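Work through the exercises below with the structure open. Try each task before you read its solution.

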Amino acid sequence: MVMETYKDRVKTILQKAGPIRLAAVAACGVLLLALSWGNPFSREQAESGKRSGETEEAAGETAGERGASRTEYKAAMERELKDILERVEGVGQAEVMVTLRGSEEKVTLKDNASGGGRMEEETVLIEDENRNSSPYVVMEKEPEIEGVVVVCDGGEDAVIRREVIEAVCALFQIESHKIKVMKSKEAKE
C-alpha cells in the first residue's frame, strides 16, 4: 500500500517535470560526478606535493645513486635479519650476508592506443609545477634476494640451523638450498 502511493508520487513528479527537465537534471548529475572524480593524476600530484623533494630526487637519480640505494637496501635487510635472529633462543651472536639479484625496478603506467590497425604503447608522463615531465610510476619493486649466509654461535645445532633457515625462507621467499647457516669460530664451546 505504501509502495503504491510512493510510486504514484514519483510518477506525478516525473510527469510534471517533463522530459527536457529530466534530461537536464541527469546531465547535471553526470557533470557533477565527472568534476568530483577529477583528474586521477591530480591526486598523485597533490600527494607528491607533500614530498616534492622526493619526486625531484627520483627524477634526477643517476646510476651511482641507484647503486647506493641498492647498497642501502642490502645493508638494511642484513641489519634487520641479524637483529631478529639474535633474538631467537640458541642463535646467539649472528652475522648475516645477503646477495641480491637485479636491481630496483620502477614500473611505469603505459597507455595503449590503436591506430591504423596496430597497437601503440606510450608511457604516461606527469608534469610538476616547473613543467618538468617524468614517467608516472605505478609501483617500485625492490631487488630480489638471491641468497643468504648466516654465521652464528648456535650454527652447529641442527635444530637452530633448521629454525634459522625456515625464518629466512618465510621472510624472503627463497628456497632453503639458497640459505647457508654456519657456526661462528668465535662461538664458545
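**Exercise 1.** Does glutamate 78 count as buried or exposed, and why?

*Solution.* Note that this is a predicted model. Start with the number: the relative accessibility of glutamate 78 is 16%. Next, apply the cut-off: buried means under 20% relative accessible area. Glutamate 78 therefore counts as buried.

**Exercise 2.** Where is glutamate 78 found, and which residues is it in contact with, leaving aside neighbours within four places in sequence?

*Solution.* Step one: locate the residue. Glutamate 78 is in helix 4, which covers residues 63-86. Step two: set aside the neighbours within four places in sequence. Glutamate 78 is then in contact with Val96, Met97 and Val98. The glutamate 78 side chain reaches the backbone nitrogen of valine 98 at 2.9 Å.

**Exercise 3.** With which residue does glutamate 78 form a salt bridge?

*Solution.* Side chains of opposite charge can pair when their charged atoms come close. Now check the distance. The partner is lysine 74, and the closest N and O atoms are 2.7 Å apart. The cut-off for a salt bridge is 4 Å. Then place the pair. Glutamate 78 and lysine 74 both lie in helix 4, four residues apart, about one turn of the helix. Lysine 74 has a relative accessible area of 25%, so it is partly exposed, whereas glutamate 78 counts as buried at 16%.

**Exercise 4.** Which residue forms a salt bridge with lysine 82, and where do both lie?

*Solution.* The partner is glutamate 86, with the closest N and O atoms 2.8 Å apart. Both residues lie in helix 4. Their spacing is four residues, about one turn of the helix. Now classify each one. Lysine 82 has 23% relative accessibility, so it counts as partly exposed. Glutamate 86 is partly exposed too, with a relative accessible area of 26%.

**Exercise 5.** What parts of the chain does the pair of arginine 101 and glutamate 144 link?

*Solution.* First, the contact. The two side chains, arginine 101 and glutamate 144, meet in a salt bridge at 3.4 Å, N to O. Second, the locations. Arginine 101 is in strand 1 (residues 94-101) and glutamate 144 is in strand 8. They are 43 residues apart, so the pair links distant parts of the chain. The relative accessible area of arginine 101 is 37%, which makes it partly exposed. Glutamate 144 is partly exposed at 47%. Salt bridges that share partners join Arg101, Glu144 and Glu146. The count for the structure comes to eight salt bridges.

**Exercise 6.** How many bridges join strand 8 to strand 9, and through which helix does the chain cross between them?

*Solution.* Five bridges join strand 8 (residues 144-152) to strand 9 (residues 179-183), and the two run parallel. From strand 8 the chain crosses through helix 5 (residues 158-172) to strand 9. This β-α-β crossover is right-handed.

**Exercise 7.** How many helices and strands does the protein chain have, and in what order do the elements run?

*Solution.* Count first: five helices and nine strands. Then read from the N terminus: α-α-α-α-β-β-β-β-β-β-β-β-α-β. Of 189 residues, 18% count as buried. The accessible surface is about 14,300 Å², and 55% of that belongs to carbon and sulfur atoms.

Key:
Residues are numbered from 1 along each chain as its sequence is written. This is a predicted model: local features need pLDDT of at least 70, side-chain atom pairs count only at pLDDT 80 or more; totals for chains, interfaces and linings use all residues. Side-chain values use heavy atoms; hydrogens and water are left out. Buried means under 20% relative accessible area, exposed over 50%, partly exposed in between (1.4 Å probe, protein chains only). A polar contact is a pair of N or O atoms within 3.5 Å; within protein, one must be able to donate a hydrogen and the other to accept it, and residues adjacent in sequence count only if both atoms are side-chain atoms. Contact means heavy atoms within 4.5 Å. Two strands pair if DSSP finds at least two bridges between them. A crossover is right-handed if, with the strands pointing away from the viewer, the path from the first strand over the helix to the second runs clockwise. Accessible areas come from the Shrake-Rupley method with a 1.4 Å probe; for residues, only the protein chains shown count as cover.
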